[in-house]
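Here are some notes on the two-chain model, point by point. Have the viewer open while you read.

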Amino acid sequence: MKKILIYLEPNKEVLKRTSYELISAAKILSEQLNIGFLGVLVNGTESQVKSAGEYGLTEVIMVNNAILNDYSLTSYAKVISETAKSSDCDILLFAGNASGLELAPRVAAKLSAGYISDCIALESAGGQITAKKPVYAGKAVITSKIKTETQVFALRPNVFTAVKTSTTDVAIKNLEIYITQEDVKSKVVSLTKNEGKLDVLEADIIVSGGRGIKAPENYNLIELLADSFGAAVGASRAVVDAGWRPHTEQVGQTGKTVSPSLYVACGISGAIQHLAGMSTSKIILAINKDKDAPIFKVADYGIVGDLFAVIPKLSEKIHEFKK
Amino acid sequence: MNILVCISRVPDTTTRVIVGADGKSIDNSGVKYILNPYDEYAVEEGLRLREKNGGIVTAVTVGNDTGKEILRTVLAMGVDKAMIVKTDSLYDSFFVANNLAEVAKSLNPDIILLGKQSIDFDSLQVPSILAELLGLPSVSVVTGLTIEGTDVKAEREIEGGKEVVETSLPCIISTQKGLNDPRYPKLPDIMKAKSKPIEEINAIESEPRISVIGMEIPSKKRLGKILTDSDEDINELVKLLHEEAKII
């Protein structure tokens, strides 16, 4: 193995949190494998590069080109694979987010590389990287390794810890890659943020409601509790299929897979499909009136009680506590 | 319009996963298999495109003979032609994408639709790898699609919002819940589908790029502190969330 390349993604003046998670994961791998690691940043800024230094990155390849101003999957895939080749990197790390999960397989295909997505742990022994990844919606975990020389991994967000180090100086290397409009086969033309609403994929705390909420208008209780925690609102499949909540909020096998610091399940029985989407949460709190509900088997904390009585009280106590 | 839909056969969502005797794959006994739920949106979208623009919808799957079951399901939904790329070997995403690419080259479709992921390995790899192998544009995790002439506008989910991607035919779209409401096949169509032909071709074998070392059932130790709904217990919970879990 030669070198690790990390795909860095900008977020305003700094980088996305997932990029720092990748840097920290790469740092550990590089020490174990005794190889170097560097980042690639497309049309980035100096402040973004500088922020990477706070996590111990020492080298960034910057690719700047006006054609890359509008995000295009096909041109970005070309840029990253060309960067890997020209900088002699054979281990590539991507965030397992919306953009990474589209880019990484394309880059892997371009480099004739094996690719493991949704990694929740990377280990290296005897110069070989092994990756753990959930399968069957998290009901099982497989450990696997890549047999090709070039290896691509996408890391599940919020699982690897971003660790600040003593700030390092980051050497910037500018790289020119030949890109034309021909490489832009698709292009992002607009981006709408869910105004004022925290997304379950980005939230550190999630409060979800299930069938126990009984009617869509009662969801204000879930919102109340979410508000006191500063949490995002999630939903079980039952309430999404009933049309009470949008599918963007659905957590579970045919919804989103999340691993927040705290997951609060209110009136959710804990069907296997739901557990699949949230079982890697760091702490799970369940509120359910049925003491035998399966959700309590995976809960760190549980309250057996009527959510209509419990939520207002709990929400008030948290507000009081925070003051 | 020439529409290709790629589908896969996966364990039902209610399956309890047990590790098989080899220690690295699922124990198949008693497992019920279904059409991958995300592929239903792909099939439905293919059928709607045909209803609007005319043309034919071909469904293809890669796997052993059991894959014919899901081909019968989508024939009953209204797909015109069904194909199976046969293999008995264990395969990875590159193997599947390679074989789908061969089928696509022979059929030359205007659009290829696939579910955003199959709910067995949950890898989200095949649509993008296939696109790269064919040199085509692709949009993943699509919840809205409009096609006019060869202009394609696809809406996709991203963290905290949505983005709209413009591209053109031919292209590859991977489908997400929310794109449409898949139809249920009607009983007479299910009966008719049983006797429809399924074209069989042999897979092109290739060296797997991934090797699985082991499979385990995750068992994160949970604290399991179950409280009542009394005021004292709710106070206790807030205290635990602060002192023990360090969340608030």
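What is the strand order of the open sheet of 4 strands?

1. The order is 8(A)-9(A)-10(A)-12(B), with antiparallel pairing. The edges are strand 8 (121–125) of chain A and strand 12 (210–216) of chain B, each pairing on one side only. Neighbouring strands are turned by 25° against each other on average, direction ignored. Strands here are DSSP runs of E, at least two residues, and helices are runs of H or I, at least four, numbered from the N terminus; two strands pair if DSSP finds at least two bridges between them.

2. A word on provenance: this is a predicted model, where local features need pLDDT of at least 70 and side-chain atom pairs count only at pLDDT 80 or more, while totals for chains, interfaces and linings use all residues. Residues are numbered from 1 along each chain as its sequence is written, with chains lettered from A and ligands numbered from 1 in the order in which they are written.

3. Back to the sheet: strand 8 and strand 9 (residues 128–135) of chain A pair in the antiparallel sense over 5 bridges. One to click on is A:Ala121, whose bridge partner in strand 9 of chain A is A:Lys132. Helix 1 (residues 17–33) of chain A lies across these two strands, at about 10° to strand 8 of chain A. Axes are lines fitted to C-alpha atoms, for helices over the stretch in contact, and angles run from 0 to 180 degrees between N-to-C directions.

4. On to the interface: 71 residues of chain A are in contact with 67 residues of chain B (C-beta atoms, placed from the backbone, within 7 Å). Strand 13 (residues 186–193) of chain A also pairs with strand 9 (residues 161–168) of chain B, antiparallel over 7 bridges. There, A:Lys193 stands opposite B:Gly161.

5. How do the axes of helix 4 of chain A and helix 4 of chain B cross? Helix 4 (residues 100–110) of chain A and helix 4 (residues 126–134) of chain B have axes that come within 8 Å and cross at roughly 40°. The two helices are therefore oblique to each other (angles under 35 degrees count as roughly parallel, over 145 as roughly antiparallel, 65 to 115 as roughly perpendicular, the rest as oblique). Residues making the contact include A:Arg106 and A:Lys110 on the chain A side and B:Ile129 and B:Glu132 on the chain B side.

6. Finally, chain B comes to 6 helices and 13 strands. Its C-alpha trace spans about 65 × 45 × 40 Å along its principal axes.
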